[in-house]
Amino acid sequence: MKDTNKHQGLRNQLAKVLEDKGITDKNVLEAIKKIPRHLFLNSSFEDFAYQDKAFPIGAGQTISQPYTVAFQSQLLEVKKGDKVLEIGTGSGYQTAVLCTMGATVYTIERQNELFKTTSLLLPKLGIRPKHISFGDGYKGLPNYALFDSIIVTAGAPIIPKALMAQLKIGGRLVIPVGEKEQIMTLLIRKNETQFEKHEFGDFKFVPLLENKN
């Protein structure tokens, strides 16, 4: 698990690429510069780890493109100590970004293989989410609600009502919505019953599957 000056240089370049693509949140860019993305990938991808691309990570899942991770993280407007629910732990890279940004992260993964691998990897890298669990992301984590923000890292045909219910008033839910192509969607909870909705163009994610553990 080596992290060298060369890797650091590549991370700095990646942060510059993301900045050129419109990522302005300094907190997000600093996290991208700190996290050794190559350690979240199969070693055969190590030479490509700092390209702005998605890669397979096992169980038919992918590690998201860094731009997508940065874009979603920026939409959350994370403040230090924010309680964030992440649906789809995956490789743990997005989890690491949120933890590095100062969030208290609760994360849930429905692929047992990924859950096991990532649960072991994160502590080795000094990344400690508050809670990591194996289960159905559609249901969220009602026992730990309410959350300052919720991030979904898989495409959902609809916005799960359970997740909307677990958001604090003033909280932000970032979710890619759609079947084949997804539209990045931000919901801001205005009060008990009302949400303000914003849409931010097309992205491509693996599907968010319900009741499939």
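Mentor: Let's start with a term: a residue is buried when its relative accessible area is under 20%. Keep in mind that this is a predicted model.

Trainee: Thanks! How many residues of H4 are buried?

Mentor: H4 is mostly covered, with seven of its eight residues buried. Those are Tyr93, Gln94, Thr95, Ala96, Val97, Leu98 and Cys99. After H4 comes glycine 102, with a positive phi near 100°.

Trainee: And how should I read a nonpolar core? Which residues have the most contacts inside the largest one?

Mentor: The general idea is that nonpolar side chains tend to be buried together in soluble globular proteins. Here the largest nonpolar core has 43 residues, and Leu18, Ile23, Ile32, Phe40, Tyr93, Val97 and Leu98 have the most contacts inside it. At least two residues of this core come from each of H1 (5-20), H2 (26-34), S1 (55-58), H3 (66-76), H4 (93-100), H5 (112-124) and S8 (182-189). H3 gives the largest share, six residues.

Trainee: Where does another core lie?

Mentor: Another core, of 19 residues, lies apart from that one, and Tyr138, Leu141, Ala154 and Met164 are among its members.

Trainee: Back to Val97, please. Which residues is valine 97 in contact with, leaving aside neighbours within four places in sequence?

Mentor: Valine 97 then touches Ala31, Ile32, Ile35, Val69 and Ser73.

Trainee: Now helix packing. What describes two packed helices?

Mentor: The angle between their axes and the distance between the axes. For H1 and H2, the angle is about 150° and the axes are 8 Å apart. An angle over 145 degrees counts as roughly antiparallel, and H1 and H2 are therefore roughly antiparallel to each other. Their crossing is right-handed.

Trainee: Which residues of H1 and H2 meet?

Mentor: From H1 there are Gln8, Arg11, Asn12, Leu14, Ala15, Leu18 and Glu19, which meet Lys26, Leu29, Ile32, Lys33 and Lys34 of H2.

Trainee: Last topic: strands. Do S6 and S7 pair in the parallel or antiparallel sense, and over how many bridges?

Mentor: A general point to begin with: side chains in a regular strand alternate between the two faces of the sheet. S6 (residues 147-152) and S7 (residues 167-177) pair in the parallel sense, over four bridges. One example is isoleucine 150, whose bridge partner in S7 is leucine 173.

Trainee: How many bridges join S7 to S8, and what do these strands form?

Mentor: Six bridges join S7 to S8, and the two run antiparallel. Valine 174, for instance, has leucine 186 in S8 as its bridge partner. S7 and S8 form a hairpin with four residues between them, and in the turn glycine 178 has a positive phi of about 145°.

Conventions: Residues are numbered from 1 along each chain as its sequence is written. This is a predicted model: local features need pLDDT of at least 70, side-chain atom pairs count only at pLDDT 80 or more; totals for chains, interfaces and linings use all residues. Side-chain values use heavy atoms; hydrogens and water are left out. A nonpolar core is a set of buried Ala, Val, Leu, Ile, Met, Phe, Trp, Tyr and Cys residues joined through side-chain atoms within 4.5 Å. Buried means under 20% relative accessible area, exposed over 50%, partly exposed in between (1.4 Å probe, protein chains only). Contact means heavy atoms within 4.5 Å. Two strands pair if DSSP finds at least two bridges between them. Axes are lines fitted to C-alpha atoms, for helices over the stretch in contact, and angles run from 0 to 180 degrees between N-to-C directions. Angles under 35 degrees count as roughly parallel, over 145 as roughly antiparallel, 65 to 115 as roughly perpendicular and the rest as oblique. A crossing is left-handed if the near helix is turned anticlockwise from the far one by less than a right angle, and right-handed if clockwise.
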